[in-house]
Amino acid sequence: MPVSGSTRRSFLRAAGAGAAAFCAAACTGFATSGSGGMVFLSTQFRPADEAERFRGLLAAAAPGVGYVTIEESPFASQVRSQVDAGATRIGLLGGLHGDIAPLADGYLQDLTGLLAGLGTRGWPAAYLELARLGTDRIWYIPWATASYVLAAHEEALAHLPSGVDAASLSYDQFLDWAIAARRANGNRPVLGLPAGPKGLLHRFVQGFLLPSFTGGQITTFRSNEAVTAWQYLRELWANCAPSSTNFDFMQEPLDSGEVRVAWDHVVRLVHAPERDPRNWRMLPSPRGSHGLGYMAVLAGLAIPEGSPDPELAQRTISTLTRPETQLRLLRSNGFFPAIDTSIPDDLPPAIRLEADAVRRQQEAPGAILSLPPVGLGKREGEVSKVFKDSFRSIVLDRADIRATLDQQARVLQGILDDLKVPCWAPDPSADFCRVG
């Protein structure tokens with residue numbers, strides 16, 4: 001049935017809030033407990049309204065489970081302390097891949113058998129590979145996901161070069177499109193990128209540009225192919241709106257008409273098509289010589305060692321990963337399904353458009369799954385700063401690319417040496433991550 005304007009706006013606000021918790025590690029709010037016999041400890045949905053919506057879903061789907069939220073930093077230590085003491089009170093865990101991965105060294109139950117019993121729900125093979133955490137066992141069940149896509153208005157789509165499929169762009173075609181649209185617009189760029197103080201352009205470099213051009217992120221950081229990727233970004237930037245250095249959320253300049261094409265996180269694009277969705281498309285990100293690099297923000301469900309009710313925990317995982325429950329989570333909190341399920345027609349058009357673009361990225365031939373940094377804790381911001389500083393020097397200040405990458409590689413390696421962590425996708429998971 002049709003969705004009213006007020007209902008659509010309410011949903012989009014809820015979707016935005018839910019996905020914001022998904023992509024922003026440092027959300028405000030604090031742990032709140034719910035009623036129920038088994039404790040479900042999660043880093044997700046910490047703000048009170050999000051937690052309340054999810055508790056409503058959980059009460060109907062899995063009675064007897066109490067939802068407790070916690071910030072990312074104490075999440076792993078809370079689990080470790082209980083398991084080490086032999087007094088685990090937590091029955092089920094929920095968190096991003098990066099929250100759960102550090103616990104696979106003896107603090108999680110093997111869920112390989114559970115996965116087999118859940119049948120063919122259509123998890124992407126790449127997600128299941130992540131859930132193995134470099135082993136031959138499954139340590140968490142993929143729960144929900146988000147990503148980054150392109151948004152384009154029909155005014156810009158009219159300037160696609162002849163024969164180019166907007167849903168299957170190469171980076172060269174993307175640049176040609178930006179040039180053609182700029183020229184048709186009186187030499188005023190119509191492309192915008194989120195390069196503002198709170199923008200996520202560094203995720204574009206980490207999870208999209210470098211994997212597409214080099215096949216990696218850290219182990220190929222200063223490779224010759226990385227130099228080519230940065231040369232490309234210079235050219236692309238020359239065809240971006242100069243005010244992109246002020247853009248944090250691309251839905252705002254898209255909605256105002258300041259730009260007509262933009263790349264950003266799905267939650268930061270969702271409001272742009274709200275008023276006239278028929279004039280918008282959401283598109284997969286471009287592909288490069290190594291494939292279509294894309295960054296997934298993936299949440300999973302795990303069971304700690306010593307769980308007081310592992311059978312209830314398994315039943316809860318089964319329920320939360322059913323198609324109907326996955327779609328209820330999309331409606332209530334804005335997380336996209338991690339399984340293969342059709343998006344209903346009665347969802348707001350913007351959500352349907354984004355879901356299709358996210359699916360196309362996942363299923364693209366030669367797709368290269370990337371992750372936000374894993375295992376860095378509070379120092380993740382320092383790694384992000386390496387990419388931000390590289391952009392500032394190479395693209396904005398026109399510094400020498402090779403010299404800049406060599407300098408930033410030393411900074412990056414120093415952080416990784418201190419932490420002694422393995423690399424994250426798409427780089428190989430060696431014992432210690434080395435900058436290449």
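**Close-up 1. Packing of helix H8 on helix H10 in the predicted model.** Helix H8 (residues 171-184) and helix H10 (residues 224-237) have axes that come within 10 Å and cross at roughly 20 degrees. H8 is therefore roughly parallel to H10 (angles under 35 degrees count as roughly parallel, over 145 as roughly antiparallel, 65 to 115 as roughly perpendicular and the rest as oblique). Axes are lines fitted to C-alpha atoms, for helices over the stretch in contact, with angles from 0 to 180 degrees between N-to-C directions. Helices are DSSP runs of H or I with at least four residues, numbered from the N terminus. H8 passes H10 in a left-handed crossing (left-handed if the near helix is turned anticlockwise from the far one by less than a right angle, right-handed if clockwise). On the H8 side the contact is made by Tyr171, Asp172, Phe174, Leu175 and Ala178, and on the H10 side by Tyr232, Glu235 and Leu236; contact means heavy atoms within 4.5 Å. By class, this contact of H8 with H10 has six nonpolar, no polar and two charged residues (Ala, Val, Leu, Ile, Met, Phe, Trp, Tyr, Cys and Pro count as nonpolar, Asp, Glu, Lys and Arg as charged, and the others, Gly among them, as polar).

Residues are numbered from 1 along each chain as its sequence is written, and side-chain values use heavy atoms, with hydrogens and water left out. The model is predicted: local features need pLDDT of at least 70, side-chain atom pairs count only at pLDDT 80 or more, and totals for chains, interfaces and linings use all residues.

**Close-up 2. The second largest cavity and its lining from H8.** A cavity is a set of points on a 1 Å grid over the protein atoms alone where a 1.4 Å probe fits but cannot get out, and lining residues have an atom within 4 Å of a point. Two cavities of 30 Å³ or more are counted. The lining divides into seven nonpolar, no polar and no charged residues.

**Close-up 3. The second largest pocket.** A pocket is an open set of points with protein on both sides within 12 Å along at least five of seven lines. The volume of the second largest pocket is about 600 Å³. Of its 22 lining residues, His97, Leu133, Gly134, Cys423 and Ser429 are the closest to its centre. Helix H6 (residues 125-132) supplies the largest share of the lining, three residues. The lining comprises 14 nonpolar, five polar and three charged residues.

**Close-up 4. The crossing of H2 and H12.** The axes of helix H2 (residues 48-61) and helix H12 (residues 310-320) come within 10 Å and cross at roughly 110 degrees. H2 and H12 are therefore roughly perpendicular to each other, and their crossing is right-handed. Phe54, Leu57, Leu58 and Ala61 of H2 meet Thr316, Thr319 and Leu320 of H12. The residues of this contact divide into five nonpolar, two polar and no charged.

**Close-up 5. Backbone at proline 426 and arginine 398.** Alanine 425 and proline 426 are joined by a cis peptide bond, with omega about 10 degrees. Proline 426 lies in the segment after helix H16 (401-419). Arginine 398, in the loop between helix H15 (380-396) and H16, has a positive phi of about 60 degrees although it is not a glycine.

How values were computed:
Helices (H or I, at least four residues) and strands (E, at least two) are DSSP runs, numbered from the N terminus. Grid points are joined across faces, edges and corners, and a volume is the space filled by probe spheres set on the points.
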